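Please read them with the model open.

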Amino acid sequence: MTSNPKQWNQKLSQREKLWCQMCRKQCKDQNGFEMHCKSKAHIDAMSLFATDPEKFIAKFSTEFERAFLDVARVKHNFDVVRLNVVYAQYLGDSIENTRLSATRWGSILDFAKHLKSINKIELLEGIDPQSKGTIYSIKLVDVDKKRREKEIEDQAVKASSLRSKEEAALSREYAKRARAVMEAANKKNPETEKPTMYHDTNTSVKMTMDTRASVGSKTDGLGFFEDGADSSEKKPKKQKQEPTQKPIADRPWPLSGISVKIVHKTLKDGKYHNKKGVVLTVSNEGYSATVQTSDPPAKLSLDQAYLQTVIPKLGNPVVILSGQRRGETGTLIEMLPDKFSGIVKMAGGDRLTVPYEGFSKAVAK
């Protein structure tokens, strides 16, 4: 094979002209080709071609494309290689390979542009150092890799959509129970101080949940406090045996360095509702947290009843919020939507199945 593009084109042109696609016959010279065209076998073949030319051209085009890509894949894989080099190897691979002149493309460059348009190759343009002319190179596209990336992206979108629906449902449940608890508390003890909000000069917002002390220490299982006896009535109560471990929502769960979602529709007219932030510090025996938001920027002191955990994408770090492993960091490797849980791989290699409210996204410090 010559490296001179002009000589190479002349050799290819000669092989193209002396080839009969319908008869699949390669002639040695121009005289032999003319004699073949006058033969009865060739005339019969061309009569058959004339019955439906589009059908035969489409067939030859498909054969040419498939065989060309096979040669490029076997000989060069995903390396960058000159277009004319691949075509020369294609012609030398088999004497009966379909020629370009029998296809719907007028030149090898037109064919390469077609492959680029259907995302089969990358077409690169350059300058030949010897002839100073334009040369074209190709590189096969890893279709399987792109398909895998597309599948992973689709799975991430579906998981994100599912998380959004679950978070919306949890938000509605939180709000419904909060209203019921507060209404019951107000009816039971009208003198109880209601939750208040105030703003300081740094635009920080602080929430006080004084109703916890006056309403009672019971919770409804989601972090809100149920109606209890009036604190002024000091009636002796029969001591009940405490459970070995309280439900997650009954215990303080916020930790510094985790991402949380704010669920408060009335705080500053809902300005911070559904906004995400980072827990800076915890207070009130762990039941309250100072949250830093970026949009809009502010520091908010909120009770945990107005916070939700944030479930990240698979492969991201999370912090365990309950149990003996509380405070430890692991990696979220699988979601279990039917069980409202996720599987977290810890640093030691062990795997934990944790409910959604038992872990939250870890924020790099």
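Which strands does helix 6 lie across? The points below take this up, after a word on the source. This is a predicted model, where local features need pLDDT of at least 70, side-chain atom pairs count only at pLDDT 80 or more, and totals for chains, interfaces and linings use all residues. Residues are numbered from 1 along each chain as its sequence is written, and side-chain values use heavy atoms, with hydrogens and water left out.

1. Helix 6 (residues 108-117) lies across strand 4 and strand 5. It runs at about 135 degrees to strand 4. Helices (H or I, at least four residues) and strands (E, at least two) are DSSP runs, numbered from the N terminus. Axes are lines fitted to C-alpha atoms, for helices over the stretch in contact (heavy atoms within 4.5 Å). Angles run from 0 to 180 degrees between N-to-C directions.

2. Helix 4 (residues 53-76) lies across strand 3, strand 4 and strand 5. Its angle to strand 5 is about 80 degrees.

3. These three strands form an open sheet, order 3-5-4, with antiparallel pairing. Strand 3 (81-82) and strand 4 (121-127) are the edges, each pairing on one side only. Two strands pair if DSSP finds at least two bridges between them. Seven bridges link strand 4 to strand 5 (residues 134-140).

4. Another open sheet has five strands in the order 16-15-14-13-17, with antiparallel pairing. Strand 16 (351-355) and strand 17 (359-361) each have a single partner strand, so one side of each lacks a neighbour in the sheet. Neighbouring strands here are turned by 45 degrees against each other on average, direction ignored.

5. Strand 14 (residues 329-336) and strand 15 (residues 341-346) run antiparallel, joined by six bridges. E334 has I343 of strand 15 as its bridge partner.
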